[in-house]
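This report looks at how parts of one chain pair and pack, beginning with a single pair of residues and widening from there.

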Amino acid sequence: MTQQQAGETPGFGPDLVEVFGPSQQDGGPELVQLLTPEGERVHHPEFDLDFSEDQLRGFYRDMVLTRRIDTEATALQRHGELGIWAQLLGQEAAQIGAGRALRPQDYVFPTYREHGVAYCRGVNPLDLLGLFRGVDQGSWDPSENNFGLYTIVIGAQTLHATGYAMGMQRDGVVGTGDPDRDAAVIAHFGDGASSQGDVNESFIFAASYNAPVVFFCQNNQWAISEPIERQTRIPLYQRALGFGFPGVRVDGNDVLATYAVTQAALQRAREGQGPTFVEAYTYRMGAHTTTDDPTRYRLSDDLERWKLKDPIARVEVYLRRNGLADDDFFEAVQQEANDLGHTLREGCKALPDPQPLSIFDHVFTEMTEELEQQREGFDAYLASFEGAHR
Amino acid sequence: MSKITLAKGLNMGLRKAMEDDPKVLLMGEDVGKLGGVFRITDGLQKDFGEDRVIDSPLAESGIVGTAVGLALRGYRPVVEIQFDGFVYPAYDQIVCQVAKMTFRSQGKIKMPMVIRIPFGGGIGAVEHHSESPEAQFAHTPGLKVVACSNPVDGYWMIQQAIACDDPVIFLEPKRQYHADKAELDESATPAPLFTSRVVRGGTDVTVLAYGPTVKTALSAAEAAAGEGKSIEVIDLRTLSPLDMAPVYDSVRRTGRVVVTHEAHVNLGMGAELAARITENCFYSLEAPVLRVGAFDTPYPPSRIEEDYLPDLDRVLDAVDRSLEF
């Protein structure tokens, strides 16, 4: 019989606080990484991939353009052109890595911060601005790019993703061995969402039905003002095992590793091997949204430490050091970003306000008699004003 | 023609809908092998397979939330909430997602989903098994809410709800599942889904009812007839949208209205009906619209539930008060 150690609870193993906590700020030993913050290419026994020069330059371009969409939108909010903006600064690699790992037939269920993934799917960034300007609630057609509408209730979309994946199973587009046919779903959410009942229920449904869905969690360490320690006492990726499927923690600021891990997880799903949890370990460099003030709840030390792990800088270092891109390339990308910024600026200001009577459209597939009557009444009321605008 | 119960009517209707459209799926707790705790889905998994009649984990939000995804993929999910009081874990998905998808997407997304809920009391159950949450859903824009009251309507209305491209909350009076039988003529043409129906003509007082109280109202009308009072009974059938034309027509003839439902009176369907009738039939009214429903208390222990629920006597009491006004 062994003697009980001081401070150890009998029979329950080690204190979980030792597994998780401030000492793990580098992501811990399980972190999958292919490109270090210093721009050094490293290898991983399971998730290594060969990347073409075009792919590497493409990742760089994607991330620079995504950052520009984000900074431009933030500026537009400051100028009063957007009501609010949910910033993704610092999460470009997580989103581009995940977004580029998708095939056209895959389907994405985003939160409201997946601007980089939207860009990868071909959604016009101006359409994203419409929602935050308040002229619509998401104007893109989800079926056009297999990219769902932004979901604002935290975690609700993970269940939609799981159901959609169950539909794919029934449509016979999983595990056929045909790479152009086999499809998977990716559900995006954050560390805060991992506490939601819907997210946990989606894990259970996905595991129970072996649904082809990748749960892609961008752990950006903060849910508005609440640190990750408020959501979990173990690394999030370790939760997956309790639900009966694998979990992986990847350096979410490393676009190569995020791409490699997501691609493997999607492939697993497409082949009919079921769900995977991917924890993209990253950091929310900006505020939760433009209405938030992070100086009230977090230290700038953290921010400084994460600045050294910038997702774009490390790719630039790698490209330059290995002679894969020259000044002309970087200048051209910069010019493209400036042009995109200009287009967004002008386009955003030109977005028309919806007409008041449009409120009644699309509550149902066909307007009910009740709503027609309300619409008529409102129309007559508006018309009673001089110079009525309807 | 055969005589069937409400449970059988619903079962036959579900079977017909599944035969007619391969995209129709059933999902819920115990709906497969067991055939549902009320046996509404009896035999369907055996005939349509586990991919189309899906036993789900015990998580109502999960059931409705995954059904949203299935609908997005082109399916027409019919989910069963086992008991009325268990719908609340799914309330967020129903109110924030199911109800708003079409509006949010400016019509690009359709949400053809049916959420079946056995509702109402009278079966001697424990807490949470006898509730009437219809007003909470009728209050939510984007949802359609209907309640069947008899076997024939059960057969037709469930098929019509499944064929509807909008989400439908489908309320089934559980007390009636295995009670009264009715003749079903499968070759008949049913009335449109979102319509009310006069189920007994009368001249003195109009009684509005739906779901389980239709039977109560009809019994009351029968009893009143013996005393020389002529009660017209309308089975509302649809709670959102409301089909008010037959109601206004009736009220303009009788001038007196009693609304009865098992739900609480406060802010219930009766309140909305009273408001609309007052607005539209003000000069025809001989008495205020009276409401007979449950008291504004939580559902009581089942030994006293019949005191809590509106019954024949309480409906007749209201009829008398209306006539005496």
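## A residue pair and its strands

In this predicted model, Val259(B) stands opposite Arg291(B), which lies in strand 14 of chain B. Strand 13 (residues 257-264) of chain B pairs with strand 14 of chain B in the parallel sense, over 4 bridges; strands are DSSP runs (E, at least two residues) numbered from the N terminus, and two of them pair if DSSP finds at least two bridges between them.

## The sheet

An open sheet of 5 strands in chain B has the order 9-11-10-13-14, with mixed pairing. Strand 9 (197-200) and strand 14 (290-294) of chain B are its edge strands, each pairing on one side only. On average, neighbouring strands of this sheet are turned by 25° against each other, direction ignored.

## A helix contact

The axes of helix 1 (residues 6-20) and helix 7 (residues 151-163) of chain B come within 7 Å and cross at roughly 30°, helices being DSSP runs (H or I) of at least four residues and axes being lines fitted to C-alpha atoms over the stretch in contact, with angles from 0 to 180 degrees between N-to-C directions. Helix 1 of chain B is therefore roughly parallel to helix 7 of chain B (angles under 35 degrees count as such).

Residues of helix 1 of chain B, including Leu10(B) and Leu14(B), meet residues of helix 7 of chain B, among them Tyr155(B) and Ile158(B), where contact requires C-beta atoms, placed from the backbone, to lie within 7 Å.

## Basis

Residues are numbered from 1 along each chain as its sequence is written, while chains are lettered from A and ligands numbered from 1 in the order in which they are written. Because the model is predicted, local features need pLDDT of at least 70 and side-chain atom pairs count only at pLDDT 80 or more, whereas totals for chains, interfaces and linings use all residues.

Note on methods. Parallel < 35°, antiparallel > 145°, perpendicular 65-115°, else oblique. Contact = placed C-beta atoms within 7 Å.
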